[in-house]
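Hi,

Here is the structure I promised to pass on. Have a look at it first, and then read my notes below.

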Amino acid sequence: MEPQSSVIDPAPSVLPVAPRSGLRWGLVGVTAFSFTVPLTRVAAHDGLSPLFIGAGRAVVASVLACVALVVTRQAVPRAAQWGRLAVVAGGVVVGFPLLTSYALTTAPAAHGAVVVGLLPAATAVMAVVRGKERVPASFWVFAALGAAAVVTFTGLQDGGLGSVDRADLLLLGAVLAAAVGYAEGGLLARELGAWQTVSWALALSAPLMVVLTSVSVAEQTPSATAVQWLAFAYLAVVSMYLGFFAWYRGLAIGPMARVSQVQLVQPVLSLLWAGLILREQLTWPTVLGGLAVILCARFAVLARMGRTVR
């Protein structure tokens with residue numbers, strides 16, 4: 001099916017690719033990201049400080065990014081693109097890692113996976129707002145229901161509908177930050193390239209993240225088990241860098257509305273890893289809450305596809 005002309009989801013201006021290539025690349029990226037929540041919990045639980053995890057992993061990824069950019073002699077982005085790179089960096093380099101690191105010092109990984117399950121719908125909303133699209137009313141209904149499902153789930157988990165705690169607010173902020181970064185990064189990847197987009201975003205944010213990492217080390221000397229350092233290494237190399245190679249390539253190939261559906265797999269995988277890696281018990285409220293959020297996100301994305309895809 002050919003995508004209609006749209007500001008946010010135009011036909012990709014790339015070399016011919018297999019029809020499902022975008023979906024496959026998206027799935028690789030989402031699988032890489034699905035370990036982020038449980039491994040952040042591993043690194044942060046009685047181990048490394050949340051500031052060090054959130055900022056330090058970006059510093060490691062920035063070094064890799066700068067080396068890759070220099071070795072391959074990438075052209076410097078145009079002036080207008082730097083502002084958009086700042087949006088990407090603020091969302092996926094600064095916002096999401098720091099907010100989730102602080103949240104998962106107390107929140108279980110399974111709980112965090114359910115809240116982050118709102119991300120596909122949030123990304124679709126940001127894409128609609130970014131492109132000033134006209135979408136069916138059902139899109140907004142399902143997006144709102146997804147948000148309501150998350151608020152209900154977190155309230156019940158925390159002891160009542162009026163008792164959403166600090167960790168939940170941090171997770172919701174992380175979802176918003178990532179949604180903005182994903183939507184803008186998917187578009188920018190069509191101009192700069194997939195790995196180039198995340199590399200320039202990391203390079204741009206490197207000075208700030210070096211300062212934050214230095215502050216964290218001054219406050220508390222990093223000390224952790226071998227397993228926690230391995231978790232940190234994965235967050236730095238894969239979650240913060242290599243995963244975006246596949247994810248932004250998938251979004252760039254598109255159609256973005258369809259590829260973004262692959263994100264629906266992420267909370268399911270994260271819940272699975274939380275059980276296997278952390279031995280967290282998956283209670284019925286967690287399973288039902290995750291299912292409600294995923295279904296609402298799926299229906300919201302499908303409603304948008306009904307507008308942008310014949």
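**What turned up**

By the pairing rule for rings, the count comes to 14 aromatic pairs. Keep in mind that this is a predicted model. One aromatic cluster is formed by F33, Y182, F244, W247 and Y248.

α10 runs over residues 226-253, which makes 28 residues, and it spans 38 Å from its first C-alpha to its last, close to the expected 40 Å.

Now for the charges. Side chains of opposite charge can pair when their charged atoms come close. How many salt bridges are there in the whole structure? The search finds 3.

- R78 and E191 meet at 3.9 Å, N to O. R78 sits in the loop between α3 and α4, while E191 is in helix α8, 113 residues apart.
- E184 pairs with R84, with the closest N and O atoms 2.8 Å apart. E184 is in helix α8 and R84 in helix α4, so this pair ties together parts 100 residues apart in sequence.
- E191 also meets R84, at 2.9 Å, N to O. That pair again ties α8 to α4, here across 107 residues of sequence.

Through shared partners, R78, R84, E184 and E191 end up in one network. Is E184 buried or exposed? E184 counts as buried because its relative accessibility is 6%, under the 20% cut-off. R78, at 53%, is exposed, and E191, at 42%, is partly exposed.

Last, the surface: a nonpolar patch with about 750 Å² of accessible area together includes W284, L295 and F299 among its residues. L295 belongs to helix α13 and is partly exposed at 37%.

Cheers

Terms used. Residues numbered from 1 in each chain as written. Predicted model: local features only at pLDDT ≥ 70, side-chain atom pairs only at ≥ 80, totals over all residues. Heavy atoms only, no water. Helix = DSSP H or I, 4+ residues; strand = E, 2+ residues; numbered from the N terminus. Expected span 1.5 Å × (residues − 1). Patch = residues over 30% accessible without salt bridge, like charges linked within 9 Å, V, L, I, M, F, W, Y side chains within 5 Å. Areas by Shrake-Rupley, 256 points an atom, 1.4 Å probe, with all protein chains shown as cover. Salt bridge = Lys/Arg side-chain N within 4 Å of Asp/Glu carboxyl O. Buried < 20%, exposed > 50% of the residue type's maximum accessible area, 1.4 Å probe, protein only. Phe/Tyr/Trp six-rings, centres within 6.5 Å; stacked < 30°, edge-to-face > 60°.
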